[in-house]
Amino acid sequence: MYRYDEFDHKLVADRVNQFRGQVERRVSGALSEDQFKPLRLMNGVYLQLHAYMLRVAIPYGTLRSEQMRMLAHIARKYDRGYGHFTTRQNIQYNWPALDEIPDLLDELACVEMHAIQTSGNCIRNVTSDQYAGAIEGEAEDPRIVSEIIRQWSTFHPEFTYLPRKFKIAVTAHKNDRAAIKLHDIGIVVKQNDAGEIGYEVHVGGGQGRTPFVAKKMTDFVPKAKLLAYLEAVMRVYNMLGRRDNSYKARIKILVHETGEEEMRRMVEEEFAKIDASEMLTVPQEEIDRISAYFAPPAFETLPADSQAFSQAQADDADFARFVRANVVAHKQDGYAIVNISLKPIGGVPGDATDAQMDVIADLAERFSHDEVRVTHEQNLVLPHVKLDDVKTVYDALAAHELATANLGLISDQIACPGLDYCNLANARSIPLAQEISERFSDLDRQYDIGELKIKISGCINACGHHHVGHIGILGVDKKGTEFYQISLGGAADENAAIGQITGRAFTEEDIVDAIETVVTTYTDLRADGERFIDTYNRVGMAPFKERLYD
Amino acid sequence: MTDYHLVIDGATAEESWIYLDDDAALSDAPSIISLTRLKDQAYALAERSAPLGVILRADGLGKTDLGEDVRELAPFIDRLALIAIHFPAYRNGRGYSAARVLREEFNFTGQLRATGDVLYDQWAMMNRCGINAFELAADIDLATFQTALGELSGAYQPAADQNRGALWARGK
Amino acid sequence: MAQHAAKRARFQAVTANRLSDGEVVYFSPDNRWVEAFAMAEVADGAEAAETLLARAMPADFEAHVLEPYLFEVLEDGQAYKPASVRETIRAAGPTVRLDLGKQAEAKAE
Ligand code: HEM
Ligand code: SF4
């Protein structure tokens, strides 16, 4: 994992001091709220319904155990004993006091973490595949380029007051777990025929009020040229993106309004100019230096199978179910990727208590080469666990309500904070996720239903990714009461798609029944081996609509 | 654009320029004119020997208009001693790109000035994009300005200034 | 922001978040910001509401609170209650964490 050098440390410390000054100037009255707001946002501080909210960046979703332990400590000391892992691989604290945030940030900085650019109209925290470096079939660890992008985009002097926020995601695998096509820029790390590493770049994806799947701008940017290419995209956007209407300000609207071809032409033209100076060609030594941090950990040479692991599954049916749902093959023989679901039945999706975070930090330290990952589906991952240790890890997780065996199933839902916390919400998301999870709590039924992604947002901003849920649920407000709209057929993977709205919205009382109707329509219609999304893509909206509204 | 004091290259400076409305007559004083006038009167202006400046405006152009296009200045660069970039609101960062294009693509070496709604915390970023002159509100002193410029000790990426950025400097 | 004052609301109160810690506060009859909704001043009619909001926003209001606004309240027997789900949640706390927010403090008392 990347480790700060003196330069990184100093810059983060400078930033905390700068923010401390800004908070003081706000409190003393030297700054008005209108002036302070963009500054606090640039440091991850929002105002929610009940308190401020602090969003802490977890670059490309990778944490060391000491960092996870610090997140637990912060939850205890500055918050109310929990944190919320988000779809952007960040963690949010819901109750910090403004005047304590500079101290909190000082503590975070001790473990090389910060809240820089987790909000505001700048380039946000770069996200990536939670299985990076652990899964078979990657062209290269996507965190290498993610880290280079993190550094390049941090305090970028030209791109800190963009028309709107800007999100970049990276994957290096054919199965996209980072939803790269739903980002302002999505990057696929790949190898060309000559064996060189380079990048396929997608531009103009996004959710919010007008969702778009990104357009492929180029097939292959050579490794050393990526920053020049990104800077070209950013400059075109900063000069031509709309600033008159915040709903039309994302790059997706620019790409849509100018057209894919014209956008590509402008980017290429800008790229040629920027690249000519070679100023943004990253030196090989620096690429090597950063790559070295992501070298594989010291794996032991082990047989591909573990007797202990097989035996434990035979002996313990619950463990066997956990393995089936949450454990994924590792690229290294004798190891596994262990997913930790933050979706216990009836729980708050993505929430973890300080005690749970401590437990996970300990497990990472003892059994996973010190690493934890955060997923955009609001779960956690221990990426490098020996097969022999999986049962021990499972037992420890189970003792802390962290062993729910539901990864990718109907109760593994994404839900934004919604009206329980969020200032912009129309309706609550979390209680709905809880009710759905209770309704389908029977694991055997969940396995029978199979892969099904429900994603819930409390308003059209789509923080809960409802547009790309197999089943999406959007909270709407009608005269101060909550209603919920359903959409079907969305997908956030390599076959990214925006879901279609079924029709009129449902009341709070009716929505869970409506979801059940959708599910039984699927189970009635599915062919052998079809997942929900396959059936939907085959039969279309009509049968679902019929059952929902007749 | 009254009531400011100027800082150029980090030091307090006398204002030697005047902003001229389009219908005001040109004098021998160093004058900052609009892009429209620059384009309309290009030939007449060529006769004039006094220093010429232009302001790149970002407002008053209609609601959905983005602001003037920096690349329209290309034919005139050699004749300009000053370019003022107008920031209509501190949130509007379009001018940062204009500044870098002027410095890095057009190699403009004259005075590059920020005017309009510019906050304390933005001076350093503007400076990195090549802006070297600032119109500061009367109650902001030079020391405050210099503190703001030094708040972040380094940079990761190159821009229009001398700082190559850590991603490039580390290897050296 | 959704669910703000309905134009035809009869009763309204003023709320904001406190600068130092973001706590939900209400403007009281004695011109203070108080934590309990029960202590909020309730204005009857549009004109009274505007006067109340003006009182809550003297020149230096930003030194204490963020973004004060009016919201609708309804008569509920002897007392008042917020009209919208949003303001009900602000006045109590998250519905998914009854151990947190004002509702928790009320229980503890
Ligand atoms: C106080 C809490 C929050 C506020 C005020 C907020 C605000 C917003 C807004 C205004 C947008 C729309 C942006 C646009 O369309 O241009 C948005 C989008 C988004 N937010 Fe949030 N958000 C909050 C919490 C969260 C949380 C908890 C998550 C993660 C679970 C999240 C992840 C996202 C994502 C993934 C998008 C969609 C990005 C896109 O449009 O492409 N946000 N948010
Ligand atoms: S989707 Fe809406 S309600 Fe949910 S967190 Fe985002 S802004 Fe808030």
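User: Where is Cys463(A) found in chain A?

Analyst: Bear in mind that this is a predicted model. To place a residue, look at the elements on either side. Cys463(A) sits in the loop between strand 17 (454-457) and strand 18 (471-478) of chain A.

User: And which protein donor does the iron atom of ligand 1 have?

Analyst: For a metal, look for N, O and S atoms within 2.8 Å. Here the SG of Cys463(A), at 2.1 Å, is the only protein donor of that iron.

User: OK, on to domains. How is chain A divided?

Analyst: Into domain 1 (6-110), domain 2 (134-291), domain 3 (307-398) and domain 4 (417-549). Let's take domains 1 and 3 of chain A, whose C-alpha centres lie 28 Å apart. Their contact takes 21 residues from domain 1 and 23 residues from domain 3.

User: How much area do domain 1 and domain 3 of chain A bury between them?

Analyst: About 1,900 Å², with 54% of it on carbon and sulfur atoms. On the domain 1 side, Met68(A), Arg69(A) and Phe85(A) supply 31% of the area buried against domain 3, more than any other three residues.

User: How many salt bridges are there between domain 1 and domain 3 of chain A?

Analyst: Four. For an example of a salt bridge in this model, look at Asp354(A) and Arg76(A), whose closest N and O atoms are 3.2 Å apart.

User: Which element gives the largest share of the domain 1 side that touches domain 3 in chain A?

Analyst: Helix 3 of chain A, with seven residues. By class, that side of domain 1 has nine nonpolar, nine polar and three charged residues.

Notes: Residues numbered from 1 in each chain as written. Chains lettered and ligands numbered in written order. Predicted model: local features only at pLDDT ≥ 70, side-chain atom pairs only at ≥ 80, totals over all residues. Heavy atoms only, no water. Donors = N, O, S within 2.8 Å, 3.2 Å for Na, K, Ca; no water. Helix = DSSP H or I, 4+ residues; strand = E, 2+ residues; numbered from the N terminus. Domains from an automatic or database assignment. Contact = heavy atoms within 4.5 Å. Buried area = accessible area lost by both parts, 1.4 Å probe. Salt bridge = Lys/Arg side-chain N within 4 Å of Asp/Glu carboxyl O. Nonpolar A, V, L, I, M, F, W, Y, C, P; charged D, E, K, R; others polar.
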